[in-house]
Amino acid sequence: KIAMATFALVGIAGMYLREVRQTGILGLVGYLLFSLGYLAMLCVEVIAMTVIPAIAQSSPEYVDGVVAVATNSTSTADLGLFGPLNMVVGAGYILGGLVFGIALFRAGILARWAAALLAVAAVTTLAPLLVPMADQRLFAVPNGIAMIGLGWSLWREQRSTAAEPVSST
């Protein structure tokens with residue numbers, strides 16, 4: 001997830017910078033929300049990789065609480081700001097993905113199917129809350145496909161608009 005969040009932040013910035021004029025304020029809001037979600041995800045994963053193993057012996061109740069939050073269970077442990085940080089991940093991912101997808105779709109420069117899929121995929125990540133026994137990780141697949149489609153579209157568009165070589169006269 002650390003690599004995914006890092007690459008997503010770079011890709012989102014590239015998409016936004018390509019369409020900054022066309023997306024307007026909606027694109028800016030979507031970009032900031034979506035980036036905030038991925039940045040918070042990066043922070044949560046770095047904490048999970050570095051801090052949680054280091055304190056597992058001294059604070060098992062805190063570690064159990066973090067694991068409970070990560071698995072959508074309830075925790076009685078005082079987690080400080082970890083709970084709200086985890087909520088920022090969800091809100092940024094869902095709201096940011098929806099708004100950014102709509103802005104990219106309206107701009108019409110990158111692949112519109114991928115932009116529409118990004119907006120729909122962001123909302124469908126709420127499905128595990130509504131559908132019992134749903135595997136959460138499966139609902140991230142459409143978002144990944146959308147990001148790949150948008151990235152491919154951006155790369156292809158940049159390659160096709162490159163200047164042609166000058167012929168010698």
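Modeller: Here is a quick tour, starting with the ground rules.
Modeller: This is a predicted model, where local features need pLDDT of at least 70, side-chain atom pairs count only at pLDDT 80 or more, and totals for chains, interfaces and linings use all residues. Residues are numbered from 1 along each chain as its sequence is written, and side-chain values use heavy atoms, with hydrogens and water left out.

Biologist: At what angle do the axes of H1 and H2 cross?
Modeller: Roughly 170°, and the axes come within 9 Å. H1 covers residues 2-18 and H2 covers residues 20-55. Helices here are DSSP runs of H or I, at least four residues, numbered from the N terminus. Axes are lines fitted to C-alpha atoms over the stretch in contact, with angles from 0 to 180 degrees between N-to-C directions.

Biologist: So is H1 roughly parallel or antiparallel to H2?
Modeller: Roughly antiparallel. That term needs an angle over 145 degrees.

Biologist: What about Thr23, buried or exposed?
Modeller: Thr23 is buried, at 8% relative accessible area. Buried means under 20%, exposed over 50%, partly exposed in between, using a 1.4 Å probe and protein chains only. Thr23 sits in H2. Leaving aside neighbours within four places in sequence, Thr23 is in contact (heavy atoms within 4.5 Å) with Tyr16, Ala103, Leu104 and Ala107.

Biologist: And Val51?
Modeller: Val51 is also placed in H2. Val51 counts as partly exposed, at 38% relative accessibility.

Biologist: Switching to rings. How many aromatic pairs are there in the whole structure?
Modeller: Six. Rings of Phe, Tyr and Trp (its six-membered ring) pair if their centres lie within 6.5 Å; planes under 30 degrees apart count as stacked, over 60 as edge-to-face and the rest as tilted. One of the pairs is Phe34 with Tyr38: centres 5.2 Å apart and planes at 70°, so edge-to-face. Both lie in H2, four residues apart, about one turn of the helix.

Biologist: How buried is Phe34?
Modeller: Phe34 has a relative accessible area of 0%. Tyr38 is buried too, at 2%.

Modeller: Phe34 also pairs with Tyr93: centres 6.3 Å apart, planes at 45°, so that pair is tilted.

Biologist: Where do those two sit?
Modeller: Phe34 is in H2 and Tyr93 in H4, 59 residues apart, so the pair links distant parts of the chain. Tyr93 is buried, at 11%.

Biologist: Which residues form the aromatic cluster?
Modeller: Phe34, Tyr38, Tyr93 and Phe100.

Technical notes:
Parallel < 35°, antiparallel > 145°, perpendicular 65-115°, else oblique.
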